[in-house]
Amino acid sequence: MKKQLLSWLRLLASFTILLVAAIAVNQLYSLSVLLNGLLPYSGYAFLALWALFFAVTLFTGLRLWSAPKVPPLADRVGGNNFEPYIAYMGNSLAVHRAHPDGGKKEHDLRWIRANLKLHEVDALNATKTVATKNFFIGAFAQNTSYGTTTSLMNNIKLVWNIYAKYNREHSVREFLRLLRSVYECLPLSDFNKEELPAHIKPIIQCSFSNTLSSLLPGGNLLTPFFLNLFLAGATNTYLTCLAGIIASKHCQVLSLEDKDEIVQQSMFEAAFMLKEIVKECNPILSVTISNAVKKAGIESLDTVTAPTSGSGLAQDIVSHLASSIKHIIMESGKE
């Protein structure tokens with residue numbers, strides 16, 4: 001059924017393209033005839049201009065879409081097809097500006113590994129920057145279309161940034177292949193419940209690695225709210241770290257052995273990076289929430305009306321209690 005549906009979609013796309021092309025050609029020819037009637041040979045010039053525009057557009061599109069021919073990966077370093085792949089990597093890999101032998105014409109295995117290591121450092125820094133942004137997006141915009149869309153766009157931009165760092169020439173098709181490979185390595189892309197504990201473990205460890213009540217003046221009252229935001233932000237950050245590191249690992253593959261170890265190595269490095277980001281973002285998040293709660297509490301207490309001469313005992317008690325709580329909140333904020 002799936003093959004039949006794909007065949008039908010290809011046939012429908014071909015028919016639509018041919019139909020649109022026929023209509024366009026007919027309209028352009030009619031317009032050229034009209035121009036010829038107004039000014040001799042202007043219709044031919046119009047058709048020639050459109051033909052040139054179409055050729056340039058087609059050439060540019062094919063150039064963007066075309067992907068370099070990649071030799072097959074060797075089963076191990078030094079195995080069959082290893083030398084052709086190293087030659088391909090030496091030609092396609094972008095030279096890092098900090099490479100001590102960047103001007104060297106012969107790109108051997110040692111040169112490639114040194115270059116890959118420098119690019120990896122830049123990729124990790126870019127991943128950490130985007131993951132930090134996604135921490136706050138996940139915390140404050142969780143379960144919203146804005147938060148989901150923004151995080152997704154940040155991750156796609158991150159993968160493109162990493163791809164552009166590693167490759168000298170860029171191809172849309174090659175980038176889409178990398179994007180697909182990254183997505184297939186992420187959890188839940190191909191649901192497997194046995195893999196979930198390994199991904200959830202670093203998030204839970206970060207969530208309970210600090211005493212949350214000591215981070216917030218509100219203590220236990222704010223801990224559940226803070227923990228909810230924190231879990232959402234940590235989850236978003238972990239997925240971003242995983243996507244960036246996986247993309248970098250795919251660009252560094254030299255053999256099938258390296259490809260088979262991408263997921264496990266990426267999970268370990270993503271968990272370590274998550275701890276670093278959480279350590280930096282945790283105080284910012286706690287202070288932001290505390291200040292927001294204090295401000296909201298003071299503004300809410302300001303709405304309590306002051307007692308009047310005709311008010312009862314209950315109104316006097318509520319007003320006095322509101323004034324006392326407001327004073328306590330303001331004093332705790334000064335400490």
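I take a residue as buried when its relative accessible area is under 20%. The model I am looking at is predicted.

**Entry 1: the whole chain**

I looked up burial for the chain, and buried residues make up 33% of its 335 residues. For secondary structure I noted twelve helices and zero strands. I also checked how far apart in sequence the contacting residues lie. Among contacts with a separation of 6 or more, 67% join residues 24 or more positions apart.

**Entry 2: helix 4 against helix 5**

I picked out helix 4, residues 109-140, and helix 5, residues 145-166. Their axes come within 10 Å and cross at roughly 170°. Angles over 145 degrees count as roughly antiparallel, so helix 4 and helix 5 are roughly antiparallel to each other. By type, I recorded eight nonpolar, nine polar and three charged residues in this contact. On the helix 4 side I listed residues including Leu116, His119, Glu120, Ala123 and Val130. On the helix 5 side the residues include Asn154, Leu158, Ile162, Lys165 and Tyr166.

**Entry 3: Gln252**

Where is Gln252 placed? I found Gln252 in the loop between helix 9 (223-251) and helix 10 (256-260). Is Gln252 buried or exposed? Its relative accessible area is 15%, so I put Gln252 down as buried. Setting aside neighbours within four places in sequence, I found Gln252 in contact with Leu116, Glu120 and Tyr166.

**Entry 4: Leu178**

I moved on to Leu178, which is found in helix 6, residues 172-185. Leu178 has 7% relative accessibility and therefore counts as buried. Which residues does Leu178 touch, not counting those up to four places away in sequence? I wrote down Val159, Tyr163, Ala247, His250 and Cys251. I also looked up the spacing between Leu178 and Trp160, which are 18 residues apart along the chain. Their C-alpha atoms are separated by 9.0 Å.

Terms used
Residues are numbered from 1 along each chain as its sequence is written. This is a predicted model: local features need pLDDT of at least 70, side-chain atom pairs count only at pLDDT 80 or more; totals for chains, interfaces and linings use all residues. Side-chain values use heavy atoms; hydrogens and water are left out. Helices (H or I, at least four residues) and strands (E, at least two) are DSSP runs, numbered from the N terminus. Buried means under 20% relative accessible area, exposed over 50%, partly exposed in between (1.4 Å probe, protein chains only). Contact means heavy atoms within 4.5 Å. Axes are lines fitted to C-alpha atoms, for helices over the stretch in contact, and angles run from 0 to 180 degrees between N-to-C directions. Angles under 35 degrees count as roughly parallel, over 145 as roughly antiparallel, 65 to 115 as roughly perpendicular and the rest as oblique. Ala, Val, Leu, Ile, Met, Phe, Trp, Tyr, Cys and Pro count as nonpolar, Asp, Glu, Lys and Arg as charged, and the others, Gly among them, as polar.
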